[in-house]
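Colleague: I am new to reading models of this kind. Could we go through this one step by step?

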Amino acid sequence: MDNSEILIGPRGLIKRHEFVRVIVQCLYSLGCKNSASCLESESGILYKSVDFEKLELQILNGNWDGCIDTLNAISGLNLNDEVRASVLFLVFKQCLLEYLNRGEESLALDVLRKKVPSLIVSKEKVHNLASSIVCLEEKELGKIDENAIFEFRKRLLVELERLLPPPIVLPQRRLEHLVETAVTSQIDSCLYHNSPDAVSLYEDHCCGRDQIPTETVQILSEHKNEVWFVQFSNNGQYLASSSSDCTAIIWKVLEDDTLTFKHTLRSHENPVSFVAWSPDDSSLLTCGNAEVLKLWDVETGICKHTFGDHGFIVSSCAWFPDSKRLVCGSSDPEKGIFMWDCDGNEIKAWRGMRMPKVLDLAVTPDGENLISVLSDKDIRILNLGTNAERVICEEHRITSLSISVDSKFFIVNLNSQEIHLWDVAGNWEKPLKYKGHKQNEYVIRSCFGGLDSTYIASGSENSQVYIWNRRSSKPIEVLIGHSMTVNCVSWNPKRLQMLASASDDHTIRIWGPSLSKKTQSERLI
């Protein structure tokens, strides 16, 4: 049987000669030249095809007529017109360089006037080639030595390897690409993959549920009333919570993944329903549905500034990436959206007839878009650079908004007991939908979390926490522990197995991977 027809593998899907060839290529790329050469000799299968070896020899020896003949012969079998033109253009470019360097202007002109124009390339490309050659001629041609010419020829070969298709040449690092594709496929099919560590090739990849937070590892009980909001800092070292007891609390995340009390922020006269960390985590914003906006120093716990007055009702707030500008929205249609610096100086405002009440807002981490929830059911995405605006109309009332750390996606909670995932760029006509939690009456907040924002977590009116893998509309975990409505959840952006939840039962629960019963009970004391 012809070597090229032998199939290997349990299912007989792999051509033996192709398999050996990509292994040989891999060995050469790893620097194992002796092993690669030995495998070529033993198998009779060469890494480089006969056609490319011939082409390589002709180019390194400057045999341009032979090189063009070889390419034309290959073209009839394997090359489409566009690739053929691109390959020949590079060869003619090298020809021109060498002819002119040797002072053979007539041969160079023949290439430029007759051969290059016959290719399917733009006139602009031809003109650019001619101009670059003229510039070279004025400065360097005639001075390029043989060693430099040889290096140019080797670079040409590298460029041709990128352009020529299989089986003439193999795509670069083909075996690594095939293995990575297989590993990626296994990771993508693993609902619990939540680690940045490299995946072992020794066995098929499959993570257990211990990779995500599923068990209560700590209960925080400092608040005296319902806890409405929680959010981890961007560096994952702090947690901020706010409550209907009119306070916010900053918690410190210790090295052993336990949390300890740091500051209570007391200055609000009404319930605090929202907090926002500055991107550099040095400052914290707090606000409430019937409250002003306050800026706090995280290290000292001191209120640095109060924005607006008691007639200015702030519903939500967000930071710009520079940690120097902030934006807030009001449920009062006449107030709209304000942008301030940290000293309270107004930079910009969006208000008036076109600006209905703002229920929630966020700035994408890259600072390019301001996303706001308006009049219950509308989502406005405003590009801050171009002022281009796009509006998404949901059919049911929206209660909250959250953006992924890569600025590409956002989720909204609806009182129809669904969470909708949209893309910021606007390429999707319909959202991805997630169901299972309970939400009819209250404001419930969800978040992205885990490796590459793979997961979505949400509170629920039935006192449980729900976790979805973004690829599945049904929850993969339901966390039981709270005794009343879970209002908000936050996934630690640096500790990928840590989740916090805030509840009407006056507590915050910290969730982590499943622990032994003994260890778990010790942590909860």
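Modeller: Helices (H or I, at least four residues) and strands (E, at least two) are DSSP runs, numbered from the N terminus. This is a predicted model, in which local features need pLDDT of at least 70 and side-chain atom pairs count only at pLDDT 80 or more, while totals for chains, interfaces and linings use all residues. Residues are numbered from 1 along each chain as its sequence is written, and side-chain values use heavy atoms, with hydrogens and water left out.

Colleague: How many helices and strands does the protein chain have?

Modeller: Counted as such runs, the elements of the protein chain are 10 helices and 30 strands.

Colleague: What is the radius of gyration of the protein chain, and what does the globule rule give for 525 residues?

Modeller: The radius of gyration is taken over C-alpha atoms, and the globule rule is 2.2 Å times the number of residues to the power 0.38. The C-alpha trace spans about 90 × 55 × 45 Å along its principal axes. The chain is more spread out than a compact globule, because the rule gives 24 Å for 525 residues and the radius of gyration is well over that, at 32 Å.

Colleague: At what angle do helix α1 and helix α9 pack?

Modeller: Axes are lines fitted to C-alpha atoms, for helices over the stretch in contact, and angles run from 0 to 180 degrees between N-to-C directions. Angles under 35 degrees count as roughly parallel, over 145 as roughly antiparallel, 65 to 115 as roughly perpendicular and the rest as oblique. Helix α1 (residues 16–29) and helix α9 (residues 174–188) have axes 7 Å apart, and they pack at an angle of about 110°. The two helices are therefore roughly perpendicular to each other.

Colleague: Which residues of α9 make the contact with α1?

Modeller: On the α1 side, the contact is made by Val22, Ile23, Gln25, Cys26 and Ser29. The residues from α9 are Arg174, Leu175 and Glu176.

Colleague: Which residue is the bridge partner of Thr286 in β10?

Modeller: Another open sheet has 4 strands in the order β8-β9-β10-β11, with antiparallel pairing. Strand β9 (residues 283–287) and strand β10 (residues 293–297) pair over 4 bridges. The partner of Thr286 in β10 is Lys294.

Colleague: Which residues does a cis peptide bond join?

Modeller: Most residues other than glycine have a negative phi, and most peptide bonds are trans. Pro167 lies in the loop between α8 (146–163) and α9. The cis bond, with omega about 0°, joins Pro166 and Pro167.

Methods: Contact means heavy atoms within 4.5 Å. Two strands pair if DSSP finds at least two bridges between them.
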